[in-house]
Structure formats: structure tokens, C-alpha cells
Amino acid sequence: MTSQKPLLLKTFLNQPLVIGGRTIKNRLALAPMAQLGNVAFRELLARFGGFGLMFTEMCGAKRILHENRFVSPYFRWRDEELPWLVCQIFGNDPLIMADAARRIEAEGFFGVDINFGCAASSICRLAGGAALLKDPLLAARIVSEIRRAVRIPVFAKFRTGWRDDPRFAVDMARRFEDAGADALTFHPRVAPDRRAHPPKWEYIGRVKAAVRIPVFGNGNVFDAEDCLRMITQTGCDAVAVGRLAAARPWLAAQWSTGLSTDPPPYYETAFLLTELLSNHFRPKDALRRFIRFSLYFSANFLFGHTLHTKILNAPDMGAARKCLDGFFKTPPEVISRPNMNFFI
């Protein structure tokens, strides 16, 4: 980036943003990510700082009604993160979704986010996630029921739809706003597309122009240049970063606070995450989440596939730590931009 651009980005990101009558300190958010946005990973990110808002990994609305936060693999948090934490839920029954939102509000979360974007077959088979975009009336009713149930900010995360037609996305954005959503996170890909094609950022601009509530742009922000381009090209109010946060957990702090990381703490960060995961989860669950993280983390290195393959085959977290030790014994060659082949 030129010398002016980091300052421009930092200035934009550090503007407070009002969402549903509540204020976040900056305009960079951790996007909801299954198996990645867990309590341990969020603790890692919080140690660096830089995010004004974080979203949990998606939680089933039915389970939330009876889930024990100290046992649940998904519906768990640290109390100190609640002021900037939004819980994402999925499901298709408006009344159950509203009941789940009531519990989320009672627990003290900043807000509740409704998943209309997950295109995984396991979720769509249950008529949740992006499958709800096939029934706009039901999707809007879910937002409306949740809006009536709680006072905290209500978010909706959604995709372009099941066809490449930005008019549908604009229509859904208006429906969500009319139903009472306080903010939208928009990922401009069609629902069947699991990242085979680049997102169409121009659609974010259309959605932003169609509503009065804040719009978080999301999709293929992999460096500071991307972040600034999304902001300037789309006019979005904020940016939700996903997989890049796993690859380089300190970048949010670099962009929004000017944190200096020279050299970048690759080994220290990955090792710390193994400890945090082990603190929060049972051994098998902790290892499973570290393996998921390692895919994107390995994208930083010229021979990152070697690291990921070894961690993938590690029988326990101790063996995974030894994989890190061996890989970083000789400083690996770092590439300037994460290898996109790891992000498909």
C-alpha cells in the first residue's frame, strides 16, 4: 500500500458505528465461521485487539434453548467478550428462533445474528441457512419474530440468493430491514457457490444503496488493499473478515491500531492457540478445531501444505505442537499474500 492508504484505512475503521441504538468502537468485524470462530480463537484475537465486533460460530436455535454454555462445543463464551460479541443462530422455525434470541439477550450478548448464508448441504437439508432464501416470506418472518422478542441488535447474514441476480439480494435486504433487522452482513456469492468464483463486490454496493441500516461487506478480503478497496468501491459501512483472521490473526490490530508485528509471530500465535483450545475444549474437540485453523494458517508459507498435512495426521495436540516445532525450527519462507488454494 502507498504511505497514505494505511492511514485512510485506519481512519475509516476507527469511526464508531451505531447499530440498533448501540455503538461499536470500530468498523472491523470477525465474520461467523463454523469450527473457526470458537471461544478459544476469539480469545486469541482479543489478545491482539483490532475488532470492533465478533460473531460466534453458528449455533442451532433448538439447542440453544437447553444448552449448557460450559459444556456446549458451540454456545460458549468468555464473559468479558460479551460487550462486543454477537451470537449467530440457524434454524427455520420463527418461534424457536425467537426463543433462542431471548436466551441470547438474557445472557448479555451484544446482538443476535440470523444465518441466511450457509450453503453447506448439512444445513440446507434442514431448511436452514441459505435454504431460507428460497422462501423470502419465511425468512422475513424469522427476522420479524426475533425483532419482537428482543431489544438487542438483530443482524442478518445472507448471500446473493440461489441465482446470480443482484435484484434478489436487494429485495431481501429491504425485506430484512422492513422486518426489523438493525444491520446486514452481505456475502455476494450465489448459494451453491462454495468459493469457486470470486464474490461480486458491486452487489454489496447495490445492497448498501437500497437500505438505511448498516451493511457489513464480506468476501475475499485478504489484505489491507482488499479491505480499503471494498470500502471505497461499495460504500459499505463496515467490513466482516473471515478466513484471513485465521491465516493472520494480528492483521485486524495492524489495520485498526497500527500494531507492529515485525517479524510476524507465526509460531507464537499458533502455539498459543493450541493452549487456548486445550483450555476450553476436550482433547479431541480441541485438536479438531486446531486442524481446521491450520489449513488457513498454512496458507502463509511456500510449503505450507507440508505443515497442514502433518497436523492433519497428528493423533493429539502434543503431536500437533511437535509439528509446529519441527516446521519452524528453520524459519519457513513466507509468501506476501496467503495462498488462495488453501481457501477453496
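Modeller: E43 counts as buried at 14% relative accessibility, buried meaning under 20% relative accessible area, exposed over 50% and partly exposed in between, with a 1.4 Å probe and protein chains only. The model is predicted: local features need pLDDT of at least 70, side-chain atom pairs count only at pLDDT 80 or more, and totals for chains, interfaces and linings use all residues. Residues are numbered from 1 along each chain as its sequence is written, and side-chain values use heavy atoms, with hydrogens and water left out.

Colleague: Which residue forms a salt bridge with E43?

Modeller: R47 does, with the closest N and O atoms 3.4 Å apart; a salt bridge is a side-chain nitrogen of Lys or Arg within 4 Å of a carboxyl oxygen of Asp or Glu. R47 is exposed, at 53% relative accessibility.

Colleague: Where do R47 and E43 lie?

Modeller: Both are in helix α2 (residues 39–48), 4 residues apart, and so separated by about one helical turn. Helices are DSSP runs (H or I, at least four residues), numbered from the N terminus.

Colleague: How many salt bridges does the structure hold?

Modeller: There are 21. One of them joins R288 to D285, at 2.8 Å between the closest N and O atoms. R288 is partly exposed at 45%, whereas D285 is buried at 12%.

Colleague: Changing topic, which residues of α14 are buried?

Modeller: In α14 (residues 304–312), G304, L307, H308 and I311 are buried. Their directions from the helix axis to the C-beta atoms fall within an arc of 95°, so they line one face of the helix.

Key: Helices (H or I, at least four residues) and strands (E, at least two) are DSSP runs, numbered from the N terminus.
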